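Here's a quick tour of a model, written for someone who likes to check the backbone first. Have the sequence and coordinates to hand.

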Amino acid sequence: MGIDDATIAEEVESMTRILWPQGNQNFSNTIVSFSEQVSELDHIVRRMIVESLGLEKYLDEHMNCTNHLLRVMKYKGPETTETKLGLSSHTDKNMVTILYQNQVDGLELQTKDGSWIDLKPTPDSFVVMIGDSLYAWANGRLHSPYHRVMMRGNAARYSVGLFSVPKAGYIIKAPEEMIDEEHPLLFKPFDHVQFLGFYYTEAGQRAPSALKSYCGV
């Protein structure tokens, strides 16, 4: 289940009324409180990235170009000792993804050499991943990893993810400081919403990299 603009109380309450026409203030308050706190972590991570790349003059624009989508996810246990696919391999298309889970593992990450590793976060930690939009904005200086969910056993896996998503109409474009002879431009400027439109087409789903197929140089 996805909740758009999860840091805005009015938007969350509107979504809540779809599930509970009489309202559910406790649910709404919990969603907003969690989203506000995790969005602060998102801002810290992105500010650190921008500053480490020496792009401070773009900081305000970068921080204001996104909204926050909250997704709550359930993966049923396959009730077998064999490992079953819970979510197929993919890269996220947004800026930054921050995940929190119950203590049923299953998230796997592909390293740059192509091998898969199990991620086993502790109960008080979050998983932070770069998405394709930030990868393109940084002109490849950051890595957008492929990841998947592999399930085994009887227990259900619950996770919640906060996604910083570029606003419709915002053009993702690598700053000129990120482009030089050693780092030629990788992607043409693009609108994230239009990119998603391509991603969900048959061609986008078949492409080894939807981003490269859509706007690769």
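Which residues of H2 are buried? They are Ser28, Ile31, Val32, Ser35, Val38, Ser39, Asp42, Val45, Arg46, Ile49 and Val50, where buried means under 20% relative accessible area, exposed over 50% and partly exposed in between (1.4 Å probe, protein chains only).

A word on ground rules. This is a predicted model, with local features needing pLDDT of at least 70 and side-chain atom pairs pLDDT 80 or more, while totals for chains, interfaces and linings use all residues. Residues are numbered from 1 along each chain as its sequence is written, and side-chain values use heavy atoms, leaving out hydrogens and water.

Helices (H or I, at least four residues) and strands (E, at least two) are DSSP runs, numbered from the N terminus.

Most residues other than glycine have a negative phi.

| Residue | Phi | Loop |
|---|---|---|
| Asp5 | positive, about 50 degrees | between strand E1 (2-3) and helix H1 (9-19) |
| Glu79 | positive, about 55 degrees | between strand E2 (66-75) and strand E3 (80-90) |

Glu79 counts as exposed because its relative accessibility is 60%.

Pro166, in strand E9 (residues 157-166), counts as buried at 4% relative accessibility. Its contacts (heavy atoms within 4.5 Å) include Cys65, Asn94 and His192, not counting residues up to four places away in sequence.
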